[in-house]
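Please look over the sequence and the structure below before reading the notes.

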Amino acid sequence: IYYLQGQVCKGQVIKVQSKVKDSSLYKTGEFLRESGISRQTLYTYLTMGLIEEAERTETGRHLFDDRALKRVRIIQRLNSTGYPLREIKDIYFKSGR
């Protein structure tokens, strides 16, 4: 089974086949659809340092990887159990996870 891997070329994400699922790159809209969060929530997470972009295109657009997607899912789970975002950052992400 092959999965799609994102490659950046002249500011565009080009999909190519790869056996490695974890190397996908998502444009902001794709990332929002995959994660189920709003644009405002994404920028809150970026500003707080909860997630990081994988890279930027030549035109300055954010690209996100599967690591950021996994972190968003962890943040959502912890936040839904009552942990505030500041505590999530201090406790979970400062430990280098």
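In this predicted model, Arg56 has His62 in β5 as its bridge partner. That bridge belongs to the pairing of β4 with β5 (residues 62–65), which is antiparallel and has 2 bridges. In general, the strands of a sheet pair through backbone hydrogen bonds, and the pairing is either parallel or antiparallel.

**The sheet**

- The sheet is open and has 3 strands, in the order β3-β5-β4, with antiparallel pairing.
- Which are the edge strands? They are β3 (25–27) and β4 (55–56), and each of them pairs on one side only.
- Helix α1, made of residues 28–35, packs on the sheet and touches β3 and β5.
- The direction of α1 makes about 105° with the direction of β3.

**The helix pair α3 and α4**

- Two packed helices are described by the angle between their axes and by the distance between the axes.
- Helix α3 covers residues 66–80 and helix α4 covers residues 85–92.
- Their axes come within 10 Å and cross at roughly 120°.
- The range from 65 to 115 degrees counts as roughly perpendicular and angles over 145 as roughly antiparallel, and α3 and α4 are therefore oblique to each other.
- The crossing of α3 and α4 is right-handed.

**Residues where α3 meets α4**

- From α3, the residues in contact are Ile74, Ile75, Leu78 and Asn79.
- From α4, they are Leu85, Ile88 and Tyr92.
- Sorted by class, this contact has 6 nonpolar residues, 1 polar residue and no charged residues.

Key: Residues are numbered from 1 along each chain as its sequence is written. This is a predicted model: local features need pLDDT of at least 70, side-chain atom pairs count only at pLDDT 80 or more; totals for chains, interfaces and linings use all residues. Side-chain values use heavy atoms; hydrogens and water are left out. Axes are lines fitted to C-alpha atoms, for helices over the stretch in contact, and angles run from 0 to 180 degrees between N-to-C directions. Helices (H or I, at least four residues) and strands (E, at least two) are DSSP runs, numbered from the N terminus. Angles under 35 degrees count as roughly parallel, over 145 as roughly antiparallel, 65 to 115 as roughly perpendicular and the rest as oblique. A crossing is left-handed if the near helix is turned anticlockwise from the far one by less than a right angle, and right-handed if clockwise. Contact means heavy atoms within 4.5 Å. Ala, Val, Leu, Ile, Met, Phe, Trp, Tyr, Cys and Pro count as nonpolar, Asp, Glu, Lys and Arg as charged, and the others, Gly among them, as polar. Two strands pair if DSSP finds at least two bridges between them.
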